[in-house]
Each structure stands twice: as structure tokens, then as C-alpha cells.
Amino acid sequence: MSSRQLFYKFRRLAFGALFVCLCSCGSSLFSPDTRQIAGGYRLKRSGNPSQFSLIAPYESGGLIIDEIGWRKPIILARASGSDYWDVINTERAQHIRVSETDRKSDAVYQSIEITPIDIAWMELRPNKRLW
């Protein structure tokens with residue numbers, strides 16, 4: 001067998017192995033149902049196409065939210081039917097809850113534009129985090 005034939009056989013084998021690895025991978029690398037925000041946090045389309053969940057790093061399920069906003073390093077999200085906002089500091093891995101009044105009185109939180117979840121979904125790019 002010549003070196004040229006050996007090279008072509010190896011190349012086919014390598015591409016086949018790469019294909020099998022990508023297809024069997026358990027991650028949502030090519031999933032159209034997940035979009036990254038930052039710090040491992042991501043939005044995931046729920047069973048209902050108009051519902052979205054905020055998923056924490058290394059989790060598979062999360063909080064169904066109606067509104068969200070972000071500005072490095074903060075993510076603000078409000079769960080469906082809640083009077084409180086989840087505030088996530090992605091630099092410090094910190095998660096707290098604040099009231100609407102507290103959110104409006106804090107200068108940092110005020111500067112973050114809040115959008116409905118379906119609009120935020122469209123702003124995010126698949127497989128590319130914001131920061």
C-alpha cells in the first residue's frame with residue numbers, strides 16, 4: 001500500500017470518528033433550543049414555543065421567565081407571575097432576588113434595559129455568548 005493510499009484511508013477514518021463524536025455528544029452544541037447569555041447562563045426554549053427558561057451553568061432545567069435584561073456582568077430576569085427579580089452577577093457567581101422597587105431605585109439595575117423574553121431570544125445568537 002502506498003503512502004498516498006494510506007493517507008486517504010486515514011483521512012476517511014479521522015472524518016468518520018469526528019462525525020461520530022459530534023453526533024453522540026450530549027451537549028447542546030448545535031441545539032436550536034438554547035442560546036447563551038454569559039457566564040454559563042443561557043436561555044432555553046421550553047416545551048411551549050412561547051416559554052423560555054433561564055438555565056444556570058451545569059443545570060438542565062430552570063426558571064420560566066417573562067422579562068430579562070443584561071449588561072456585563074449583570075443579568076436581570078423576572079419569573080412568570082413573580083413580583084421579584086433574579087439578579088445574577090456573572091463575575092462573582094452571585095444570585096440574589098430584589099423587589100421591583102429595589103430594582104428601580106438602584107442606579108446599576110436602572111441602567112439595564114429590560115425586554116420581553118421573546119425579543120431577547122431574537123437578540124441572542126446561537127452558540128455565541130455575549131461576554
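How many aromatic pairs does a search of the whole structure find? The search finds one, and the rings in question belong to Phe52 and Trp121. Before the details, some ground rules: this is a predicted model, where local features need pLDDT of at least 70, side-chain atom pairs count only at pLDDT 80 or more, and totals for chains, interfaces and linings use all residues. Residues are numbered from 1 along each chain as its sequence is written, and side-chain values use heavy atoms, with hydrogens and water left out.

**The chain overall**

- You're looking at four helices and eight strands; helices (H or I, at least four residues) and strands (E, at least two) are DSSP runs, numbered from the N terminus.
- Reading from the N terminus, the order of elements is α-β-β-β-β-β-β-β-α-α-β-α.
- The chain has 131 residues, and 31% of them count as buried (under 20% relative accessible area; exposed is over 50%, partly exposed in between, with a 1.4 Å probe and protein chains only).
- Take the contacts (heavy atoms within 4.5 Å) with a separation of 6 or more: residues 24 or more positions apart account for 38% of them.

**The aromatic pair**

- A pair of aromatic rings is described by the distance of the centres and the angle of the planes.
- Phe52 and Trp121 sit 4.9 Å centre to centre with 35 degrees between the planes, so the pair is classed as tilted.
- For the cut-offs, rings of Phe, Tyr and Trp (its six-membered ring) pair if their centres lie within 6.5 Å; planes under 30 degrees apart are stacked, over 60 edge-to-face, and the rest tilted.
- The pair ties strand E3, which holds Phe52, to helix H4, which holds Trp121, across 69 residues.
- Both Phe52 and Trp121 are buried.

- E3 pairs with strand E2 (residues 41-45) in the antiparallel sense over four bridges; two strands pair if DSSP finds at least two bridges between them.
- Leu54 is the bridge partner of Leu43, and E2 and E3 make a hairpin with six residues between them.
- Strand E4 (residues 63-71) also runs antiparallel to E3, joined to E3 by three bridges, with Ile64 standing opposite Ser53.
- Why does Ser53 count as buried? Ser53 qualifies because its relative accessible area is 8%.
- The Ser53 side chain makes a polar contact of 3.1 Å with the side chain of Ser46; that term means a pair of N or O atoms within 3.5 Å where, within protein, one must be able to donate a hydrogen and the other to accept it, and residues adjacent in sequence count only if both atoms are side-chain atoms.

**Nonpolar cores**

- A nonpolar core here is a set of buried Ala, Val, Leu, Ile, Met, Phe, Trp, Tyr and Cys residues joined through side-chain atoms within 4.5 Å.
- The largest core has 16 residues, and Ile37, Leu43, Leu54, Ile65, Ile68, Trp70 and Ile75 touch the most other members.
- Elements giving two or more residues to this core are strand E1 (34-38), E2, E3, E4, strand E5 (74-79) and helix H4 (117-123).
- A second, separate core of seven residues includes Ile74, Trp85, Val87 and Tyr109.
- In soluble globular proteins, nonpolar side chains tend to be buried together.

- E6 and E7 pair in the antiparallel sense over six bridges, and Tyr84 has Ser99 in E7 as its bridge partner.
- Four residues lie between E6 and E7 in this hairpin, and Ala93 in the turn has a positive phi of about 55 degrees.
- Thr90 is in the loop between strand E6 (84-89) and strand E7 (94-99), and is buried because its relative accessible area is 17%.
- Beyond four places in sequence, Thr90 is in contact with Ala38, Gly39, Tyr41, Pro73, Ile75 and Trp131.
- Thr90 and Tyr41 are 49 residues apart in sequence and 8.4 Å apart in space, C-alpha to C-alpha.
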